[in-house]
Amino acid sequence: MYVRLGEHRKSTAIDCVKLGPKTTCAPEPLEVGIQDFILHENYRSVYNDIALLRLERKVAPDVHIKPICLPIYENLRSLEHEQYVISGWGRTETGASSDVLRVAIVPHVDVATCQNYLRPFGLTYQLNSTHICAGAKNLVDTCKGDSGGPLGYTDIYNGSSRFVQYGVVSVGVSNCGERNVPGIYANVSHYMQWITDHIHEDDTSPKTTVAPRESPETTEINSRSLEEPCLTPLNSSGFCVPYSKCSLFQQWDIKYGGNLPPTIQEYIKRAQCPKTDDNLILYCCEPETIVTAPIKERSGNGLNLYLNPMQDFHSQLNVEGFDILSGQRCGTDNGNRIAG
């Protein structure tokens with residue numbers, strides 16, 4: 001398995017542009033093998049729909065290959081734009097995928113409005129701060145084949161104008177481009193702590209590949225704990241999981257040392273899901289707070305695989321990952337192409 005970098009038109013070996021009498025061609029696209037695939041350990045349905053690929057070797061920037069900027073700085077992570085740029089080779093109005101990289105501008109849609117837009121199309125999950133919505137205008141949308149692509153905008157990045165990726169194409173309606181409805185994107189700003197935790201310079205650094213979901217405890221209840229939707233006492237969407245898999249409950253136990261206030265005891269009681277056939281007690285937990293291992297505390301530059309919901313995620317970026325990202329010259333334009 002490999003990734004192909006520097007592609008613009010899929011049907012040609014190299015990409016060329018004719019400017020007057022002169023024809024200029026970019027180098028051939030580069031194919032690089034994939035060493036590791038890191039899926040978010042709490043991915044399920046529309047939640048935590050993000051992954052990383054670690055390549056077998058370093059790739060040097062070139063005229064046709066440039067890294068995209070991520071919102072690693074706090075001022076970028078707090079921004080919300082009126083519109084964003086999308087791009088991809090996905091399905092077009094003809095029903096076929098595009099031969100050339102297409103680019104479009106889509107308006108931002110707030111999450112509450114987006115929820116109302118998509119509910120008639122079968123969206124039953126509650127959208128939240130881990131999502132960005134955009135589109136619903138002029139039949140412009142991402143579609144099948146665009147998944148994993150960027151949603152971004154040009155901003156001031158460390159003092160220079162750069163193209164920054166704020167979203168990852170996630171979910172949309174099947175008849176995309178036929179109706180004015182928004183698409184759903186994973187909010188990259190929310191996942192910067194997770195991203196920086198999983199970036200390292202070489203193979204001597206700690207491996208952070210996601211372990212298999214199933215453990216002796218979760219195997220027997222896998223179909224229920226990872227697939228059974230529910231509503232929390234606050235009427236938000238969640239999944240039925242064991243008490244130990246809900247980080248919110250773990251944080252309360254740590255804070256109150258087992259002497260939980262009556263209001264919290266009542267919340268936990270109301271969060272109980274209907275019992276399983278073997279009378280296993282499960283609790284409705286919001287997806288972004290479901291973990292597959294006990295919460296780890298950050299120590300120095302160590303890894304913190306699970307975002308602490310009691311802290312501001314802006315302050316939890318892994319130092320090594322941050323240094324690698326901030327040291328890149330990223331997001332520079334490339335003629336009529338989107339950088340990245």
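# Close-up views of a predicted model

**View 1. Strands E4 and E5 pair in the antiparallel sense.** Five bridges join strand E4 (residues 30-39) to E5. The model is predicted. Asp 36 has Arg 54 as its bridge partner in E5. Strand E5 covers residues 51-55, and its side chains alternate. Leu 52 and Arg 54 point to one face and are buried.

**View 2. A nonpolar patch lies on the surface.** Phe 37, Leu 39 and Leu 53 form this patch. Together they have about 270 Å² of accessible area. Phe 37 belongs to strand E4.

**View 3. Six strands close into a barrel.** The order is E6-E7-E8-E11-E10-E9, with antiparallel pairing. From one strand to the next, the twist averages 45°. Strand E9 (residues 150-157) and strand E10 (residues 160-171) pair over eight bridges. In this pair, Gly 152 stands opposite Gln 165 of E10.

**View 4. Arg 4 and Glu 31 meet in a salt bridge.** The N to O distance is 2.8 Å. Arg 4 lies in strand E1 (residues 2-5) and Glu 31 in strand E4, so the pair ties together parts 27 residues apart in sequence. Both are partly exposed: Arg 4 has a relative accessible area of 36%, and Glu 31 has 41% relative accessibility. A network of salt bridges links Arg 4, Glu 7 and Glu 31.

**View 5. Arg 9 forms a salt bridge with Asp 99.** Their closest N and O atoms are 3.5 Å apart. Arg 9 lies in the loop between E1 and strand E2 (16-19), and Asp 99 in the loop between strand E6 (83-88) and E7, so the pair ties together parts 90 residues apart in sequence. Arg 9 is partly exposed, at 37% relative accessible area. Asp 99 is also partly exposed, at 26%.

**View 6. Glu 93 and Arg 102 meet through their side chains.** This salt bridge has an N to O distance of 3.5 Å. Glu 93 is exposed, with a relative accessible area of 66%. Arg 102 is partly exposed, at 42%. The structure holds four salt bridges.

How values were computed: Residues numbered from 1 in each chain as written. Predicted model: local features only at pLDDT ≥ 70, side-chain atom pairs only at ≥ 80, totals over all residues. Heavy atoms only, no water. Buried < 20%, exposed > 50% of the residue type's maximum accessible area, 1.4 Å probe, protein only. Helix = DSSP H or I, 4+ residues; strand = E, 2+ residues; numbered from the N terminus. Pairing = 2+ DSSP bridges. Patch = residues over 30% accessible without salt bridge, like charges linked within 9 Å, V, L, I, M, F, W, Y side chains within 5 Å. Areas by Shrake-Rupley, 256 points an atom, 1.4 Å probe, with all protein chains shown as cover. Axes fitted to C-alpha atoms, helices over the stretch in contact; angles between N-to-C directions.
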